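Subject: Handing over the structure

Hi there,

Here is the structure I said I would pass on to you. Please have a look at it first, and then read my notes below.

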Amino acid sequence: MPHAEPALIFDLGQDGRANRYVEPGRALETFLPADMVRKDLPLPDNSELDVVRHFTQLSQRTFGIDLGFYPLGSCTMKYNPRVNDAMAALPGFAQLHPYAPDALAQGALQVMYELERSLASLFGMAAFSLNPSAGAHAEFGALLIAKKYFKERGETKRDKVIVPDTAHGTNPASAAMCGFKVISLPSDARGRVSVEEIRKVLGDDTAVCMMTNPNTLGLFEDHIAEIAAAVHAAGGLMYYDGANGNAIMGNVRPGDMGFDLMHLNTHKTFTIPHGGGGAGHGPLGVAAHLVEYLPTPVVVAEPNPDADPALAPSDRLNFRLDFDRPKSIGPMRSFWSNFAHAVRALAYIYANGADGLARVSQLAVLNANYLRAKIAEFLDVPYPEICRHEFVASAQALKKQTGVRALDIAKALLDRGFMAPTVYFPLIVPECLMIEPTETESKETLDTFVEVMRAIVRTAHEDPQALFAAPVTTVVGRVDETRAARQPDLRWRPETH
Ligand SMILES: *Cc1c(COP(=O)(O)O)cnc(C)c1O
């Protein structure tokens, strides 16, 4: 059913209808500070009921994980338990001023310390910084660390960063922003980095090799130990893009695979609401030889001599922010961290426990393989082996037979109550659909998704025209994506309406 287009609140307004819920005869303007109200943009006169309906309708013109299945590969759109938000909203956390002295912020510092320690042990790194605000931000920070590390060793010739062709676009972008030259590494027939290929590009100019494991095809790089050894033998550092942490958490550790640097996207793996560019959180992990370079400040714990000796040693600690780190690359943002996200992530870790987190990734992998096997009944799956938390399908053959592309399938899904998968990424698979179900979806939801996908593919064969206009039930129909990117028009203007 197409939604009725809600009328704009400005059009609904009528003089005299005004704000009776405020006070008869008095306009809303009189209750607002004068300098907040633009005289040329008068507030519309509306009844309270019209205003309530308007904003409620607006709130429903969206799609999110709370509304339906969101199989957006590489983004880990899993359900975010509300208890995490409740923890972040506790007044002691939410109302704490970032400049509160350490002595008055012991609880908050303890949260940061315990999250840092938990991530270090889960991912096998010596230490993490909670400073960066997103995965890409942490990539940039890690490359600054690498740069400084090589400079101090007098190895300034190391200016190349190796990035496999399945990598997320942020990897080469971060390397280029940091002044490195990017070497793109082709994947082999199995969709992985081959030891032979990487050996060809390694040398005394290699700085960093950035890898995602499992990679964005959802495949585990099974030669990772050999690759890490080869990069280290050439004097380079290994960087782990941990956006796919949901596939490995509690089962294998990047530190044990030979990585020196890594990031996590706690907003993906550790159930923090994200999407639409909202606040992220990208802890940056390092192996022992790079700890001194981490961004400042770092939370440190010291024995508290005044504590009750009856308490366990772990409860007799004093926490403080350490800014005195001469080799640090310095702060990467204002204040210390997206702190509310640190609270959410720690709440999630403690709610699950070590075994629970391991089970999360096992179920994410199980769900992905269930979908992969089912989808392969009617769409090509170019790498048809056991995947990790996600897999890619291709609409290339379907397009040749029917003209229906991955984009049309994605748009058709929107009409049928599902968010679309990631499309056209990774770049090496033509007409790619990258599907990540996550562990939080039930078998029933996955089965419904499969049957809807099957029906879309059947429609593609029988009546392809029916898919070219999709989506037709959403508030905004098919957009001209080229024009949207080239000539973005982001502001509603009363004069053009
Ligand atoms: C999301 C993602 C990134 C970037 O992370 P942001 O937090 O969005 O900056 C990097 N690599 C991969 C594989 C990703 O999925």
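How many helices and strands does the chain have? There are 17 helices and twelve strands in the chain; both are DSSP runs numbered from the N terminus, with helices being H or I of at least four residues and strands E of at least two.

A word on the ground rules before the details. Please keep in mind that this is a predicted model, in which local features need pLDDT of at least 70 and side-chain atom pairs count only at pLDDT 80 or more, while totals for chains, interfaces and linings use all residues. Residues are numbered from 1 along each chain as its sequence is written, and side-chain values use heavy atoms, with hydrogens and water left out.

The chain as a whole

The radius of gyration of the chain is 26 Å, which agrees with the value near 23 Å that a compact globule of 497 residues would have. That radius is taken over C-alpha atoms, and the globule rule is 2.2 Å times the number of residues to the power 0.38. Along the principal axes, the C-alpha atoms fill a box of roughly 75 × 70 × 45 Å. Of the 497 residues, 47% are buried (buried is under 20% relative accessible area, exposed over 50%, partly exposed in between, with a 1.4 Å probe and protein chains only). Among contacts with a separation of 6 or more, 71% are between residues 24 or more positions apart; a contact means heavy atoms within 4.5 Å.

In what order do the seven strands of the open sheet stand? The order is 1-7-6-5-4-2-3, and the pairing is mixed. Strand 1 (127-129) and strand 3 (181-185) stand at the edges with a single partner strand each, so one side of each has no neighbour in the sheet. On average, neighbouring strands here are turned by 25° against each other, direction ignored. Two strands pair if DSSP finds at least two bridges between them.

You can follow the pairing strand by strand:

- Strand 1 and strand 7 (residues 284-286) run antiparallel and are joined by three bridges; Phe128 stands opposite Gly285 in strand 7.
- Strand 2 and strand 4 run parallel, with three bridges between them; Lys160 stands opposite Thr206 in strand 4.
- Strand 4 and strand 5 also run parallel, joined by five bridges; Met210 has Tyr239 in strand 5 as its bridge partner.

Strand 4 is mostly covered, with seven of its seven residues buried.

Helix 6 has 18 residues and reaches 26 Å from its first C-alpha to its last, close to the 26 Å expected at 1.5 Å a residue (the expected span is 1.5 Å times one less than the number of residues). Its buried residues include Gly135, Leu143, Ile145, Tyr149 and Phe150. Just after helix 6, Gly154 takes a positive phi of about 75°.

Another open sheet has three strands in the order 10-12-11, with antiparallel pairing. Its edge strands are strand 10 (391-394) and strand 11 (422-423), each pairing on one side only. Two bridges pair strand 11 with strand 12 (residues 432-435), and Thr422 stands opposite Met434 in strand 12.

Spots in the loops

Where is Pro214 found? Pro214 lies in the loop between strand 4 and helix 9, and a cis peptide bond with omega of about 0° joins Asn213 to Pro214. The peptide bond from Thr296 to Pro297 is cis as well, with omega near -5°; Pro297 is in the loop between strand 7 and strand 8 (298-303).

Is Thr271 buried or exposed? Thr271 counts as buried because its relative accessibility is 2%. This residue, in the loop between helix 11 (266-269) and strand 7, has a positive phi near 50°. Phe335 has a positive phi near 55° and is partly exposed, with a relative accessible area of 32%.

Happy exploring!

Note on methods:
Axes are lines fitted to C-alpha atoms, for helices over the stretch in contact, and angles run from 0 to 180 degrees between N-to-C directions.
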